[in-house]
Amino acid sequence: MPELVALVKHDCPVCDQVLPALDAADIRVLSQSGAQDTEAQAARLGLRAVPELDLDLELSARLDPDAVPTLVLLDGADERGRVEGLDRQGMLDLAARAGVELNLDGLPEIRPGCASLTRDPEVAARLAARRARAEGRIRSRELRVGELEDPFEALHDRGLTDGLPVVPPTPERVVAMLDHTSRDPQDVVGVVPPYGGEATVEKVAVNAVMAGCEGPELPVVLAAVEAVCEETFAMHGLLATTHPAGPLIVVSGHPGFHSGVNVLGQGDRASMTTGRALQLVVRNIGGGRPGVEDRATHGQAGKLGMCFAERLDDTAPWPGLAQDRGVPPGEPGVTVMALEAPRVIVDQLARDPEGLCASLAMALESVATPRLRLAFDAMLLVGPEHGRVFREAGWSRAQVQQRLHDLTHSPAGSLVRGADGSPEGIEPKWVSDPDMPVAKFASADRILVAYAGGDAGLFSMVFGGWAAGEIGSAPVTRSIQPWA
């Protein structure tokens with residue numbers, strides 16, 4: 001026989017109107033409120049029976065009403081009908097189907113109910129997390145923090161931070177983060193060095209929450225994690241080297257990332273937290289800890305997390321870097337490269353691409369040291385006023401790269417050990433022709449070129465690379481679209 005069940009809560013005036021009639025008809029009533037509030041409501045209304053408690057909102061979560069009071073006709077676990085709010089005729093019809101005589105005389109014909117407790121944002125988040133756990137969408141082990149513990153200090157004491165406070169990754173926050181990707185939370189993004197931790201979408205989301213990301217950044221973080229797990233990126237070597245380089249993320253075409261004034265500085269949450277999330281993944285999933293697996297002698301501030309977005313507005317002299325490297329036009333992408341901290345290049349006088357390239361080339365020569373050749377790659381971040389010079393001259397990115405490569409050649413004789421008093425350089429026995437030009441970079445495409453920054457100021461930036469290509473790390477580009 002079908003059964004009528006009602007859901008109510010203590011602070012709903014419409015529930016107060018309906019409850020005496022439900023009580024008189026011996027209809028089973030469950031309250032979304034706590035025991036004390038439920039008992040007080042029953043006493044206030046003079047009910048014969050105190051409503052049952054919907055413990056942990058189990059029935060409310062299953063029925064998921066928008067409003068209470070809700071009257072539901074159940075046949076075992078199957079729902080045969082419902083009325084939400086006060087709808088006198090609807091309630092009478094539903095009661096008749098259950099063989100129950102319900103007296104609603106004197107009540108309004110129609111009155112909207114109050115929002116179900118399951119619609120409270122905090123409660124809804126908790127229920128969503130509980131449902132995700134039951135369905136196996138989230139499986140990460142939960143860390144219990146004592147009542148007297150400060151959660152920020154607890155996470156730091158357990159070695160899960162980068163030295164700065166992190167956002168506690170509660171199940172509610174992780175499930176909300178996962179809403180920003182269509183991928184299954186247990187899909188594997190990559191195997192993270194140095195210890196081969198398996199980075200699932202869920203575990204990456206946990207670290208994105210800790211880093212302070214908002215949801216829209218999650219697909220970018222996922223694409224960046226996929227990139228650094230590529231063998232050619234050599235994340236294990238980058239982590240273990242004594243060199244100060246770390247992974248830098250260049251975002252091409254994804255909304256929500258700042259690309260203008262102070263593009264490498266503070267203030268843009270998306271950029272700062274995305275770079276940080278990648279580094280937390282390497283630490284917490286891969287096991288790479290500073291001073292243990294991470295052997296950088298100095299490190300640099302960018303190792304907390306480096307990320308910036310390209311400026312792809314009407315001022316841009318070229319398409320996005322990711323698009324030049326194989327991501328389809330109109331599709332957002334990331335390029336991840338192993339780089340040291342940036343340095344500024346100042347040229348306030350060049351008004352033609354040849355002169356500007358000469359200045360930029362001098363800065364590129366200084367990567368690591370002018371004496372070391374072919375061992376390092378570099379990234380050039382061109383500012384808008386310098387970019388205008390190339391745009392107005394119609395120079396493509398490839399033209400700029402080639403000219404910079406041509407200009408970063410030096411005579412072998414000036415590079416030998418002992419020249420100008422420096423012991424660094426090429427062993428003299430390998431130099432048969434002192435006038436032979438020796439390239440700084442292995443090829444033109446080893447100088448990556450991006451565009452971003454504020455409009456004022458004739459500045460660009462140069463990032464030196466870590467060990468180049470086959471002997472170290474190669475830049476990796478990935479589309480964001482598969483992770484959206």
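R289 is partly exposed, with a relative accessible area of 38% (partly exposed lies between buried, under 20%, and exposed, over 50%, using a 1.4 Å probe and protein chains only). R289 forms a salt bridge with E293, and E293 is buried at 9%. This is a predicted model, where local features need pLDDT of at least 70, side-chain atom pairs count only at pLDDT 80 or more, and totals for chains, interfaces and linings use all residues. Residues are numbered from 1 along each chain as its sequence is written, and side-chain values use heavy atoms, leaving out hydrogens and water.

**Salt bridges**

- The structure holds 34 salt bridges (a side-chain nitrogen of Lys or Arg within 4 Å of a carboxyl oxygen of Asp or Glu).
- Side chains of opposite charge can pair when their charged atoms come close.
- In the R289 and E293 pair, the closest N and O atoms are 2.6 Å apart.
- D26 and R48 meet in a salt bridge at 2.9 Å, N to O.
- That pair links distant parts of the chain, 22 residues apart. D26 sits in the loop between α1 (13-24) and β2 (28-31). R48 sits in the loop between α2 (35-45) and β3 (52-53).
- Both D26 and R48 are exposed.
- A network of salt bridges links D23, D26 and R48.
- R80 and D75 also meet in a salt bridge, at 3.5 Å, N to O. R80 is partly exposed at 43% relative accessible area. D75 is partly exposed at 32%.

**Strands and sheet**

- Helices (H or I, at least four residues) and strands (E, at least two) are DSSP runs, numbered from the N terminus.
- An open sheet of five strands runs in the order β3-β2-β1-β5-β6, with mixed pairing.
- The edge strands are β3 and β6 (78-84), each pairing on one side only. Two strands pair if DSSP finds at least two bridges between them.
- β5 (residues 70-75) pairs with β6 in the antiparallel sense, over six bridges.
- L73 has G81 in β6 as its bridge partner.

**Surface patch**

- V344, V346 and F459 form a nonpolar patch on the surface, with about 260 Å² of accessible area together.
- Patch residues have over 30% relative accessible area and no salt bridge; like charges are joined within 9 Å, nonpolar side chains (Val, Leu, Ile, Met, Phe, Trp, Tyr) within 5 Å. Areas come from the Shrake-Rupley method with a 1.4 Å probe; for residues, only the protein chains shown count as cover.
- V344 belongs to strand β14 (residues 333-346).

**Domains**

- The domain assignment gives domain 1 (3-119) and domain 2 (151-483), with bounds from an automatic or database assignment.
- Their C-alpha centres lie 59 Å apart.
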